[in-house]
Every structure is written in C-alpha cells, then in structure tokens.
Amino acid sequence: MGYLSLYRKWRPQSFADIAGQKNVVETLKNAIRLDRIAHAYLFCGPRGTGKTSTAKILAKSLNCSEGPTIDPCGECEVCQKIQNNSSIDVIEIDAASNRGIDEIRELREKVKFFPTEGNYKVYIIDEAHMLTKEAFNALLKTLEEPPEYVIFILATTEPHALLPTILSRCQRFDFSRLSVNDIIDRLNFICEQEDVKLTSEAGVAIARSAEGGMRDAISILDQVISYSGNQVGLDDVAAVLGLVEEAVLFEMVNIIVKQKVDEGIKLVNKVINQGKDILQFVSSLINHFRNLLIQKECEITEGLIELPNEQIKKLEEQAADLTTEELLRLINILVELETELKRSNQPRILLEMGIIKLTKPEIDTSLAGVLDRLTTLEEKIKGKNYLPAKDERQISNEEVKEVTEKIQDIEQINDQSVPDEKLVSKKEERAEDKNVQTDDGDSSAEVNESGLSFAEIKDKWSDILEYIRQKEIRTHAMLTEGRLSAINGNNLIIEFDNNRRFHKENVDRKREVIEGVIRKNLGKKLKVKTVFAENNNYKVKENSKQEEKKRKNEVKDSKESNLDKVKDERIIEDPLVKDVLEIFDGEVLKVKKD
Ligand SMILES: [Zn+2]
C-alpha cells in the first residue's frame with residue numbers, strides 16, 4: 001500500500017473515535033439501540049467536523065454482520081468494504097463535483113433493489129446543498145416514500161440552502177466546530193500511534209489555526225511531520241504555517257506600550273524578512289490584543305483564551321500595562337488596518353503606517369484617540385488628587401474647554417461628511433421639542449412643582465458644577481458649554497447653542513450622573529432636559545438682563561487684565577496645565593477669566 005495521508009489513515013472508525021460531537025453520537029447510538037432508525041438524516045456543520053465520518057460509522061453500525069450494533073466490528077467483510085469505499089450498499093454521492101444529476105437519476109432507478117450485503121442501503125449525499133434543482137426534485141420524490149431498507153444521510157455546510165420540503169423530511173443533527181482541546185486530544189492520540197513527539201505549544205498552534213476543523217488540523221500535522229520529521233515543535237509549525245511566534249507578539253505590544261516607533265518598525269521588518277505573511281501577522285496581533293482585553297475584563301478566562309498556562313501569566317502582566325480604552329483604540333486601528341490590507345498591494349507601507357499610529361497616540365486625531373488622551377488626563381488628575389484654589393480652577397476649566405473645542409472640531413468634520421443624517425436628526429429633535437408643553441410665565445422667582453425656585457437652583461449651580469467636575473471632568477466640560485435656562489415642573493432646562501450639538505448629546509448621555517449630583521446638593525429629584533437655544537421655549541425672561549450685566553463685567557475684566565499677567569505666568573507653571581499641554585501637545589494662547 002502506498003502513502004496514506006494521516007487524515008485517511010486515522011479516519012474515525014467507531015463512534016468512540018468521533019471527537020467533540022457528544023450529543024450527535026449519543027442520539028445516534030440510542031436510535032440504533034432502540035431500533036428507531038429514521039429514513040433521512042441531515043448532518044449540518046462546518047467542514048471537517050466529522051459529518052461524513054459519522055455517516056459511514058452509522059452505515060457500518062447498521063450493516064455490520066453483527067449489527068445493527070453501536071460497536072461495529074470493523075473486521076467483517078461488510079465493515080471492511082464500507083471502510084474502503086467498495087460496499088455496493090453504501091453509496092456516497094458528492095453533490096459538489098457534478099451537481100448530482102446522473103447520480104440522483106441512477107439513485108431513483110436503483111433504490112428499488114434490495115440491499116445485497118447488509119440490512120440497509122445507505123445513501124450518503126455530501127455537500128447536499130450543491131444539488132441542482134432537478135436533482136433535488138428527484139431526491140424529494142424518493143424521500144417522500146422511501147423503501148423500508150433505504151436510509152439517506154445528507155451532509156451539508158449550508159443547511160439554509162436546502163429546500164424546506166427536504167429539510168422537513170430529515171432528522172437534523174448539528175455538528176459543532178471542534179474545540180482546541182478536542183483537536184489537541186486527537187492530534188496527541190495520532191502522534192502516539194505514529195511515534196511522533198508533538199510539543200504542547202505545537203499542538204495548540206496547529207489546533208488554533210485549524211479553526212475547529214479536525215480534517216484541517218490533521219492535514220497540517222501531516223505537513224509539519226513531512227517538514228520536521230518525528231519531533232514537532234512550535235518553530236516547525238510556525239515555519240510551515242507562516243505563523244508569527246507568540247514571543248514576537250509580546251515584544252510588539254511592549255514596544256507599543258513604550259511608544260518606541262523605531263523599534264516597532266524594526267521588528268516589523270524583521271517579521272517581513274522572515275517571509276511571514278503581513279495579513280497573518282496583523283490578525284495574530286489582533287488576536288493577541290483581544291486576549292489582553294479578555295484578560296483585563298473577565299474574571300474567569302478559562303475557555304476564553306486558548307494559550308498554555310505560562311503564556312496566560314505573561315498575558316496577565318502585559319494587560320496591566322494597558323487601560324481598556326487603550327486596548328479598544330489599538331484593536332480598532334488594527335482591525336481597520338486588516339481591512340485595508342485585504343485590498344491593497346502596498347501591504348508593507350500600510351503596516352508601517354499602522355505601527356506608527358499604534359506607537360504614537362498623540363498623532364491619532366480620531367475621536368477615540370482624543371478621548372483616550374482625555375482619559376489619561378483624568379486619571380492623572382485623580383492620581384494627584386488635585387484640589388485647585390479658586391482662581392486656578394478657572395484656568396483648568398479653560399484648558400478643558402480647549403480640549404472640548406478640539407473634540408468639537410473633529411465632530412464637525414465628521415458631521416460634514418454625513419450632512420443628511422444630521423439634518424434629519426435635527427428635524428426630529430425640533431419636532432420633539434415642540435411637543436413639550438411650554439411655560440409662558442416667568443419662572444425665575446416662582447416656587448415650582450419641585451419645591452425649588454429657579455433662583456435657588458441658580459444659586460447652587462456653581463457648587464453642583466464643581467461636584468460634577470470632581471466626579472467626571474469630561475461631563476463637566478460638556479455641561480459648562482450649556483446654560484441653566486429654566487425650571488419646568490421637575491425638569492431642569494439646560495440650553496445649548498445650536499453649534500454645541502456634541503456637548504448637548506454628551507450631557508444627555510450623562511444625565512443620570514448630573515441628576516444624581518443635583519439630588520445630593522438640592523435634596524430634590526430633578527430631571528435634566530437639554531434644548532437647543534433656537535428651540536428653547538422655556539427661557540426665563542430675566543436672562544436677557546443678566547446677559548447684559550455679564551457683558552458689562554467682561555468689559556471691566558479686560559481693563560483689569562494687565563493686573564492678571566503676573567498671575568498668568570504662575571498658572572502656566574501649574575503642573576496640571578503642564579500635563580494638559582504635554583498630553584495634547586498644545587500651548588497656552590491666553591488666560592481668560594470668567
Ligand atoms: Zn462488522
């Protein structure tokens with residue numbers, strides 16, 4: 001006998017050999033035991049999960065000279081013939097090869113003859129979804145009234161492509177993708193029989209790249225053995241599959257954490273020069289970041305991360321170096337890169353650009369990038385327990401305002417690219433606002449449903465803002481872009497200029513936080529409602545007077561500005577301001593007083 005591939009040599013021969021399909025196997029065994037064999041079965045599932053192997057074992061179980069039995073002997077003539085595909089009672093039809101027209105026609109003619117070797121005639125129709133319509137119809141006629149001794153087993157990767165009339169006549173079994181452990185067990189078994197030494201890392205690498213298909217896994221093992229002989233290690237698997245070693249992935253992440261662009265580019269070039277596939281490298285990196293994210297966010301990672309224990313420990317250490325926001329941002333960049341790589345013929349340049357983006361967060365002007373830096377800033381402030389003095393506080397507000405303006409700019413760029421969407425949602429909002437009952441009277445001094453007058457709330461507003469600032473600096477920055485406008489029933493109305501859509505939406509998103517702080521400060525439950533200035537029907541009349549007053553104050557302020565100069569310099573030296581400047585790569589243009 002010539003060379004037989006490992007896959008064919010170690011094809012499962014009994015139900016016990018079928019990996020990972022416990023439910024399917026148990027149900028079939030029970031059916032045999034109880035003599036409740038159906039006339040048509042549908043085996044669905046991804047490729048290489050054991051559908052045809054199971055079909056053949058079922059055929060053997062039924063036709064074995066000792067059968068029907070759940071343990072076909074494998075020795076008798078019938079078993080032997082089924083095993084080497086020469087039984088005339090077990091007919092395999094590959095619908096993919098010629099769409100099955102001739103075979104189904106033949107099937108219809110021959111189906112009326114009794115089985116000659118065993119008890120049953122078993123038709124195994126592989127890739128059944130590929131049958132032509134004519135073949136389907138012919139098959140359907142036979143399925144409607146199958147002779148007592150005929151069993152059909154339809155195997156398919158795409159059950160949805162089968163006619164409902166066929167589906168309804170079959171007993172369906174779903175074969176699941178095999179777990180990495182199921183595959184490793186089988187690989188280890190085969191290696192033992194073949195006297196091959198397979199390291200655990202190599203087994204994991206093969207099982208992972210087979211993506212749940214046993215046939216692929218065994219074929220890869222076969223290839224690696226041809227390459228390396230009887231000692232199979234991770235390097236051999238990596239060489240055959242063009243995989244990037246885990247060590248390289250860990251190194252790459254360390255470089256990203258340390259933000260070393262040049263080292264990143266060097267490593268990438270090393271990987272490329274080793275002949276690794278760029279897309280494969282990026283996919284592996286995405287998978288590595290995904291593992292870091294799972295490690296960070298999930299308490300129990302068992303079954304979620306498929307790596308040997310010592311690697312998981314390293315993963316744990318590395319996950320501590322990155323925040324969840326950073327991980328999400330990095331994964332986003334990589335996923336985008338992966339998509340671009342698939343349709344580009346400049347993969348190397350794209351990869352290098354990607355590495356620069358990954359290692360230099362400060363050049364990332366996407367919204368996610370800016371938010372990421374804002375989070376870093378928040379954490380720095382929290383870490384320092386920064387408690388500003390009264391006039392310094394104004395400055396930090398200013399700085400945060402500058403940041404939000406940056407975000408606003410980005411938002412506007414985004415908005416411009418989807419003008420229609422913006423228009424529609426704006427219209428909706430306007431309609432929504434008009435539905436709200438309006439309050440015509442001056443609510444400034446009136447005591448409201450909430451038991452609070454607008455004036456009282458206004459008095460406490462700066463305290464409330466300060467609480468919010470200490471709790472969530474970002475929400476504070478968004479909120480200060482709006483103005484306290486009125487109280488209507490239990491609704492506290494906050495007005496935003498029409499071009500402050502982004503801030504308004506963010507305040508809406510954080511309504512619960514703001515309402516919580518209000519409750520703590522005023523002892524009353526109020527609902528925060530945001531409106532655009534142009535739709536604001538709640539406005540307190542007094543506002544216009546106040547604005548005039550405010551304008552006067554501003555004029556006065558500018559006169560005093562010379563006096564502030566000395567103070568300004570002190571402010572620029574402030575550590576918080578320095579942090580802001582460093583994180584956003586900015587400079588102080590002016591120092592304003594409110
Ligand atoms: Zn037998």
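**Entry 1: helices 10 and 12**

I started with helix 10 (residues 200-209) and helix 12 (residues 234-241), which pack at an angle of about 30° with their axes 7 Å apart. The axes are lines fitted to C-alpha atoms over the stretch in contact, and the angle, on a scale from 0 to 180 degrees, is taken between N-to-C directions. Helix 10 is therefore roughly parallel to helix 12, a label for angles under 35 degrees. Helices here are DSSP runs (H or I, at least four residues) and strands likewise (E, at least two), numbered from the N terminus.

I then listed the contact, defined as heavy atoms within 4.5 Å. Helix 10 brings Glu 201, Ala 202, Ala 205, Ile 206 and Ser 209, and helix 12 brings Leu 234, Val 237 and Leu 241. I sorted these residues of the contact into six nonpolar, one polar and one charged. Nonpolar covers Ala, Val, Leu, Ile, Met, Phe, Trp, Tyr, Cys and Pro; charged covers Asp, Glu, Lys and Arg; the others, Gly among them, are polar.

**Entry 2: ground rules**

I noted that this is a predicted model, where local features need pLDDT of at least 70 and side-chain atom pairs pLDDT 80 or more, while totals for chains, interfaces and linings use all residues. Residues are numbered from 1 along each chain as its sequence is written, and side-chain values use heavy atoms, with hydrogens and water left out.

**Entry 3: the zinc ion**

I looked up the protein donors of the zinc ion and found the SG atoms of Cys 64, Cys 73, Cys 76 and Cys 79, lying 2.3 Å from it. Donors are N, O and S atoms within 2.8 Å of the metal (3.2 Å for Na, K and Ca); water is not among the atoms, so sites may look incomplete. Along the chain the donors follow the spacing C-x8-C-x2-C-x2-C. The four donor atoms make angles of 103 to 120°, and the site is tetrahedral, which requires all angles between 85 and 135 degrees.

Cys 73 is partly exposed at 23% relative accessible area, and Cys 76 is buried at 13%. Buried means under 20%, exposed over 50%, and partly exposed in between (1.4 Å probe, protein chains only).

**Entry 4: positive phi**

Most residues other than glycine have a negative phi. I noted Asn 85, with phi near 60°, in the loop between helix 4 (77-83) and strand 2 (90-94). Glu 211 has a positive phi of about 50° and sits in the loop between helix 10 and helix 11 (214-228). Glu 211 is exposed, at 60% relative accessibility.

Note on methods. Angles under 35 degrees count as roughly parallel, over 145 as roughly antiparallel, 65 to 115 as roughly perpendicular and the rest as oblique. Four donors count as tetrahedral if all angles lie between 85 and 135 degrees; four count as square planar and six as octahedral if opposite donors are over 155 degrees apart and all others between 65 and 115; anything else is irregular.
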